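Here is a brief report on one protein and its fold. Have the sequence and the 3D view open while you read.

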Amino acid sequence: MTVPGTAPVDEDAFRAAVGRLPAGVAVVTVVRRGVAHATTVNSVASVSLDPPLLLFSVHVDSRLRDVLDEVDGWAVSVLADDQADVADWLASPGRPAVGQLDRVPHTSAPVSGAPWVAGAAAWFDCRTAAVHPAGDHDVVVGDVLAVAQGAPAVGGLVHLRGRVRGVR
Ligand SMILES: Cc1cc2nc3c(=O)[nH]c(=O)nc-3n(C[C@H](O)[C@H](O)[C@H](O)COP(=O)(O)O)c2cc1C
């Protein structure tokens with residue numbers, strides 16, 4: 001146990017402890033110059049109902065962060081319980097910059113045009129409202145411009161203790 005105020009918190013200890021917090025898994029997508037970029041995230045949270053706002057955090061060195069400097073429209077697909085392979089693929093560091101969604105069926109969100117992953121549990125179409133620096137991540141807050149839900153029986157994916165698991 002770490003006693004507050006006694007020593008800097010160890011990064012591995014922090015990661016392990018926060019890994020006990022079940023977190024929903026989603027994909028953030030954005031299109032820049034005709035190229036779709038997609039990244040797995042577990043940091044999506046609802047912020048406000050009126051107006052509708054949500055947030056996610058993005059690593060400052062990620063490609064997604066770069067793209068968000070140029071494009072303010074983006075989309076979120078809340079992954080379904082059977083989409084762990086999609087989550088793995090869109091988190092893999094070596095995937096190419098172009099064609100990331102070639103093997104992932106998708107449609108286009110109505111306002112941003114960013115991809116919505118087919119078969120997901122829910123979808124949001126957003127525009128950046130604010131970006132807050134936060135350590136090695138930036139917190140991106142978005143106005144929600146459109147929403148949709150998947151089939152009622154579709155479950156979700158949860159990231160817990162370093163593993164992604166489906167829940168219904
Ligand atoms: C379950 C899971 C959750 C993740 N959540 C986030 C997140 O919230 N923010 C983030 O920046 N990266 C997150 N990542 C890491 C990115 O998916 C990964 O670094 C990705 O390759 C970054 O791609 P990019 O540099 O092309 O944007 C997560 C990875 C996994 C497996």
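Ala 84 touches Leu 157, Val 164 and Gly 166, leaving aside residues up to four places away in sequence. Contact here means that two C-beta atoms, placed from the backbone, lie within 7 Å. Ala 84 sits in helix H3, residues 84-89. The cut-offs are 20 or more other C-beta atoms within 10 Å for buried, 12 or fewer for exposed, and partly exposed in between, with C-beta atoms placed from the backbone. Val 30 is 54 residues from Ala 84 along the chain, and their C-alpha atoms are separated by 20 Å.

This is a predicted model: local features need pLDDT of at least 70, side-chain atom pairs count only at pLDDT 80 or more, and totals for chains, interfaces and linings use all residues. Residue numbers start from 1 along each chain as its sequence is written.

**Overall build**

The protein has three helices and twelve strands. These are DSSP runs numbered from the N terminus: helices are H or I with at least four residues, strands are E with at least two. The radius of gyration is 16 Å, close to the 15 Å from the globule rule for 168 residues, so the protein is as compact as a globular protein of that length. That radius is taken over C-alpha atoms, and the rule is 2.2 Å times the number of residues to the power 0.38. The C-alpha atoms fill a box of roughly 50 × 40 × 35 Å along the principal axes. Buried residues make up 31% of the 168 residues. Of contacts between residues at least 6 apart in sequence, 66% join residues at least 24 apart.

**The sheets**

Seven strands form an open antiparallel sheet, in the order S3-S2-S6-S9-S10-S5-S4. S3 and S4 (45-49) are its edge strands, each pairing on one side only. Neighbouring strands are turned by 35 degrees against each other on average, direction ignored. Helix H2 packs on this sheet, and its direction makes about 50 degrees with that of S2. Axes are lines fitted to C-alpha atoms, for helices over the stretch in contact, and angles run from 0 to 180 degrees between N-to-C directions.

Why is S6 largely enclosed by the rest of the structure? Five of its six residues are buried, so the structure largely encloses it.

A three-stranded open sheet has the order S1-S11-S12, again with antiparallel pairing. Its edges are S1 (23-24) and S12 (163-167).

Two strands pair if DSSP finds at least two bridges between them.

| Strand pair | Bridges | Facing residues |
|---|---|---|
| S2 and S6 | four bridges | Val 28 and Val 76 |
| S6 and S9 | six bridges | Trp 74 and Cys 126 |
| S4 and S5 | four bridges | Ser 48 and Leu 53 |
| S11 and S12 | five bridges | Leu 160 and Arg 163 |

**The ligand shell**

How many residues surround the ligand? There are 18, and the closest are Val 41, Ser 43, Ser 62, Arg 63 and Leu 64. A residue counts as near if its C-beta atom, placed from the backbone, lies within 6 Å. S3 (35-41), S5 (52-59) and H2 (63-70) each give two or more residues to the shell. S5 provides the largest share, four residues. By class, the shell has nine nonpolar, eight polar and one charged residues. Nonpolar covers Ala, Val, Leu, Ile, Met, Phe, Trp, Tyr, Cys and Pro; charged covers Asp, Glu, Lys and Arg; the others, Gly among them, are polar.
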